[in-house]
Amino acid sequence: MAHDEVVRQTQAWVEQLVIAKNLCPFAKLPYEQGRVRFIVSEATRPEQLLGDLLCELRYLDTLSVKQLETTLLIHPLILQVFHDYHDFLALAEHLLKREGFKGIIQIASFHPEYCFAGVDPLDPSHYTNRSPFPMLHLIREESLAKALQHYPDPDAIPARNIELMQQLGVNALQSLLHRIQRG
């Protein structure tokens with residue numbers, strides 16, 4: 001699939017699910033201001049993806065928040081199986097620590113087969129983290145902390161999102177992702 005199509009689908013997912021359903025109350029402003037970077041990795045091996053991740057961490061670190069708030073590192077050619085993706089997250093976290101980004105940038109995880117541990121695989125709650133492609137969301141911790149200070153009851157966000165996904169139901173959520181993928 002062409003990079004442009006991967007980015008288009010990811011942007012549509014951000015617009016139609018993340019922002020439209022307010023899954024992340026902090027996403028709309030930076031997205032509308034063009035401060036969200038969408039990068040498509042051509043990695044086919046974990047080592048390559050770690051290299052791409054390191055490049056993006058360093059790039060994000062060179063810019064101010066006014067220039068670039070966050071990056072979505074999309075990797076459609078690798079880690080298609082959620083278990084493999086989940087295992088890779090430990091390597092990504094190790095890279096953050098080794099390179100001195102722990103406490104500066106955190107990684108939020110999104111995957112088409114995302115599944116919370118101990119939750120029925122058919123539960124709609126998984127759609128809070130399901131995306132068109134596997135991706136790593138690089139978030140500046142300083143920005144997140146600042147946003148959370150001004151948001152009433154940030155601890156309620158996950159529960160609210162899960163409740164919303166359950167209200168929408170699996171069929172509606174699957175339908176939304178299919179529409180996004182078809183364009």
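Start by selecting Leu63: setting aside residues up to four places away in sequence, Leu63 touches Leu68 and Arg140. The model you have open is a predicted one. Where does Leu63 lie? You will find Leu63 in the loop between α3 and β2. Leu63 and Leu177 are 114 residues apart along the chain, and their C-alpha atoms are separated by 32 Å.

**Stop two: α3 and α4**

Next, select helix α3, residues 46-62, together with helix α4, residues 82-98. Two packed helices are described by the angle between their axes and the distance between the axes. Here the axes come within 11 Å and cross at roughly 40°. That angle makes α3 oblique to α4. The crossing of this pair is right-handed. To see the contact, show the side chains of Pro46, Leu49, Leu50, Leu53, Leu54 and Leu57 on α3, then Phe88, Leu91, Ala92, Leu95 and Leu96 on α4. What classes of residue make up the contact of α3 with α4? Eleven are nonpolar, and there are no polar and no charged residues.

**Stop three: α1 and α6**

Now hide that pair and select α1 (3-19) and α6 (157-182). The axes of α1 and α6 come within 10 Å and cross at roughly 150°. The two helices are therefore roughly antiparallel to each other. The crossing of α1 and α6 is right-handed. On the α1 side, colour Glu5, Arg8, Gln9, Ala12, Trp13, Gln16 and Leu17, which make the contact with Met165, Leu173, Leu176, Leu177, Ile180, Gln181 and Arg182 of α6. Leu177, from your opening selection, is one of these contact residues. By class, the contact of α1 with α6 has eight nonpolar, three polar and three charged residues.

**Last stop: the largest pocket**

Finish with a surface view, and look for the largest pocket, which has a volume of about 1,300 Å³.

Notes. Residues are numbered from 1 along each chain as its sequence is written. This is a predicted model: local features need pLDDT of at least 70, side-chain atom pairs count only at pLDDT 80 or more; totals for chains, interfaces and linings use all residues. Side-chain values use heavy atoms; hydrogens and water are left out. Axes are lines fitted to C-alpha atoms, for helices over the stretch in contact, and angles run from 0 to 180 degrees between N-to-C directions. Helices (H or I, at least four residues) and strands (E, at least two) are DSSP runs, numbered from the N terminus. Angles under 35 degrees count as roughly parallel, over 145 as roughly antiparallel, 65 to 115 as roughly perpendicular and the rest as oblique. A crossing is left-handed if the near helix is turned anticlockwise from the far one by less than a right angle, and right-handed if clockwise. Contact means heavy atoms within 4.5 Å. Ala, Val, Leu, Ile, Met, Phe, Trp, Tyr, Cys and Pro count as nonpolar, Asp, Glu, Lys and Arg as charged, and the others, Gly among them, as polar. On a 1 Å grid over the protein atoms alone, a cavity is a set of points where a 1.4 Å probe fits but cannot get out, and a pocket is an open set with protein on both sides within 12 Å along at least five of seven lines; lining residues have an atom within 4 Å of a point. Grid points are joined across faces, edges and corners, and a volume is the space filled by probe spheres set on the points.
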